Each structure stands twice: as structure tokens, then as C-alpha cells.
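Have the structure open as you read.

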Amino acid sequence: MDDFINTLSKILKVSEPWKIEKIQVHHATKTVNVFIDYEKGTLFPCSKCKKPSKVHDSNYRTWRHLDICDYRCYLNIKTPRTICPKDGVKVIEKLPFGRMNTHYSFQYEQLIMGRIKNVAVSTLSREIGEPDNNLWRVFHHYIQEALMSIDCSETIRIGIDEKSSKKGHKYVTIFTDLDTGNVIFVCEGKDESTLAMFYEKLFDMIGDPNNIKLICMDMSKSFISGQKEYFSWAEVVFDKFHIKKALNKAVDKVRRHEVVYNETLKKTKYLWLKNPCNLTAKQEQLLSPFLIESSTNTAKAYICKLEFDQLWNVQHNAVEPLLNEWIKRSGSLNLNPINKFINTIKNHYQGVLKAMKSFFTNALSEGLNSVFQLAKYRARGFRNIDNFINMIYFIGNDFKFDFH
Ligand SMILES: [Zn+2]
């Protein structure tokens, strides 16, 4: 037994003044309880004045530790309270095995954080048989610590995107550094105030609002007015994904008006919205008669969408004349939803032009969508928005955690 205790002490890194007192194994419940005590006469620092102090009394605290084979392992640590002539009785500040007031040892917390990278918190909770609330608490603690390390001193180009979770009940706005691709700020809401919050937060992250040279965002009124109010010096580039989405919506509106008197357009919604190169052979076959005749308004709107898509691929100096031509040509179709889209483009002309010439416009949405989808999945069933926000930070950064 002594040999086993010695070996286990090494594995568990139990060193002076700590020693393993006894081990209890319960085969029926498949648990191992390791009791750890300190050498009699040890002085511990008073948590207030840090002076070595005598032990007043002690109590066992239990942390779950890494399993031993498939036996659950618990560390039961005799935790002293010190008595100091100046400050009286105090609980000691820290133990080498785990954080005070938690359920898990440092190594177990490390396992939890590592697993959350790969599975949803709810799944992990079932897998290891721990309440998800406890797991969220661990997660929250380490993310809060990691957030202190976000450094925006070199942030000059940012992307802003609003996302809805829980079927549109809650909105979050996500700020990314377009050069590093990292998520630097996430907050609840989607209005102008989110930019005010980001403005303030930048100072905490060693950043400077005056350094922000470019903002890539959607064409929402609230973001535009927020930009004018707080980052008026920054160049605005509208996001490609949102611009294209608006045109897709317009094409679908044309189809929905037309389907009322043209039954052949029924159940064709996705043919018109999909990127042509992603169409299956069967879908291509369904679409081609419409395009050959191009007598329907939907087909006309669709062709105008394909032409618009081409504008992202032309040489920079050709973008503006081609966009103007496109506006003229598409306007002459006299389709209400398309005209509305044209007006949107005219009202946001400079930012759209810049988007067509910019490299950043792709990076924002594509990178962020995958971060967001993954965060939604990992945090599914989350009970409060902070957990979800922290999950976005976690997925959107490559944090290094300190488990000591
Ligand atoms: Zn003291």
C-alpha cells in the first residue's frame, strides 16, 4: 500500500507539506477517494496579511479529479483556516490542487475546457455526469480570465455583424479584428449602442478608437448611425454577404408576385437563390427552360442578380462604370423589388463600391458564420446570454488558459 501511495503521490503531484493520508476504493460505486492532509505544525500564509500563521482548524474539501481507469476519483483535501494575531481566523487563499469554491481539481478543469472545444456543454455534462451549471461556471471563469488578454493595440480594421440566437429572440453583435480574424468584442443587442460599448471597451483592450481605419458591416441604419457617431473617421465597407442577401430577397419577392399567375414557378424558390455552380444536375435541368425563354420576370431578375455577382470579380477601375451600367439596365426592367434594391445600392453607394474592391468583405462573413454556427451548437440549451457570448469568444479566439 505504501508503494501505491508513493506512486499515486507522484502522479497527483502531492508534495510537502501535503501528503496522502489514505485511499478508499468503493467498487460498487466505482469511486476512489484520496484523502490528502498536511504535515502537523505547518504554517500557512494568512489570506490577508500573508504572514505565516498557525492553523486554527480545518475541514475537508472535495474536488473531482481525473478518473483512474473507469473509477471516478475524488481528492478530499484537509483545508486549514489560519489564525493570525492581526486578522483573526481566515480560510487559506489557495491550494495547489484546485480553485477554492469549485467542484473540480485544476487538471479536471483542464479536461473540461479541452472537451468543450469539441463537444456541446450539454453533451459533456451527460458524458461525465456533472451538472451543466457547474461546467458553465468553470467555462465562464476561464473565459473571463482569457478575455483580459485580448490586445487591440494593433487593431485597425474591424468587422461588425449582428446575429440572432434562439430563433430570433436574442441578438448579439460581434466585433472582429479583420486582420487577425479574432473575435474581439461581443455584446447583446444590435442597435447603435453596441458601437458605443465597443468604443468604451477598446480602451480596456489597450486599443484606441482613433486607430480604427476601416469598418466592414451590413447596411443597417443602426450600425451606420453608430459608425457616424463613434467612428466617423473610419472608412465604411459594406459586407458582401449582406448585399447579396438583399438582392436574393428581391429576386424571391419578384418570384412570389409572379407565382400567383404563373404556376410553373411554384416550388422553385431555391433554384433562383442558389449559386449556379452549386446546382445539382436535376436543378439545372429545371432552371434552364426558364432561362432560355427568359420571359418571366423571375428569370429577368435572376439574370440581373448573376450580372451583379460578376461585379465582384472585375478589375478595380472597371467596377464603378460597370456598376452604373448595371443600375441603369436593371432599373429598366421596372421590377419593384429590384428597384428597391437599386435604391439601397444608391443610398449606400460608396460603401458598396468599396466592398466590390475590397478584400476584407469576404473574410468577415465567411469566418464569422462558421464561428457563430459552432458557438450556437456548443452552447445549445444555454440558459443565459453570457454563456453564449463567452462561447463566441471561445470559438473565435485561440485562447491559452492557465490552470494553476
Ligand atoms: Zn494576517
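## Helix 15

Why is helix 15 (residues 385-395) largely enclosed by the rest of the structure? In this predicted model, nine of the eleven residues of helix 15 are buried, so the rest of the structure largely encloses it. If you want to click through them, the buried ones are Asn387, Phe388, Ile389, Asn390, Met391, Ile392, Tyr393, Phe394 and Ile395.

## Helix 2

Now for helix 2, which spans residues 106-116 and has Tyr108, Glu109, Ile112, Met113 and Ile116 as its buried residues. Because these cover an arc of only 140° around the axis, they sit on the same side of helix 2.

## Helices 11 and 12

How do helix 11 and helix 12 run relative to each other, roughly parallel or roughly antiparallel? The axes of helix 11 (residues 316-331) and helix 12 (residues 336-347) come within 10 Å and cross at roughly 155°. An angle over 145 degrees counts as roughly antiparallel, so that is what helix 11 and helix 12 are to each other. Their crossing is left-handed.

On the helix 11 side, the contact is made by Ile327, Ser330 and Gly331, while helix 12 brings Ile338, Asn339, Ile342 and Ile345. Sort the residues of this contact by type and you get four nonpolar, three polar and no charged.

## Helices 3 and 4

Next up is the pair formed by helix 3 (residues 121-128) and helix 4 (residues 132-147), whose axes come within 9 Å and cross at roughly 120°. That angle makes helix 3 oblique to helix 4. The handedness of this crossing is right-handed.

Which residues meet here? From helix 3 there are Val121, Ser122, Leu124 and Ser125, and they meet Asp132, Leu135, Trp136 and Phe139 in helix 4. By type, the residues of this contact come out as five nonpolar, two polar and one charged.

## Ser47, out in a loop

Last stop: Ser47, found in the loop between strand 3 (44-45) and strand 4 (52-68). Is Ser47 buried or partly exposed? With 17 other C-beta atoms within 10 Å, Ser47 is partly exposed; a residue needs 20 or more to be buried.

Leaving out residues up to four places away in sequence, Ser47 touches Lys90, Val91, Ile92 and Glu93. Glu235 is another story: Ser47 and Glu235 are 188 residues apart in sequence and 52 Å apart in space, C-alpha to C-alpha.

Notes. Residues are numbered from 1 along each chain as its sequence is written. This is a predicted model: local features need pLDDT of at least 70, side-chain atom pairs count only at pLDDT 80 or more; totals for chains, interfaces and linings use all residues. A residue is buried if 20 or more other C-beta atoms lie within 10 Å of its own, exposed if 12 or fewer, and partly exposed in between; C-beta atoms are placed from the backbone. Helices (H or I, at least four residues) and strands (E, at least two) are DSSP runs, numbered from the N terminus. The arc is that of the directions from the helix axis to the C-beta atoms. Axes are lines fitted to C-alpha atoms, for helices over the stretch in contact, and angles run from 0 to 180 degrees between N-to-C directions. Angles under 35 degrees count as roughly parallel, over 145 as roughly antiparallel, 65 to 115 as roughly perpendicular and the rest as oblique. A crossing is left-handed if the near helix is turned anticlockwise from the far one by less than a right angle, and right-handed if clockwise. Two residues are in contact if their C-beta atoms, placed from the backbone, lie within 7 Å. Ala, Val, Leu, Ile, Met, Phe, Trp, Tyr, Cys and Pro count as nonpolar, Asp, Glu, Lys and Arg as charged, and the others, Gly among them, as polar.
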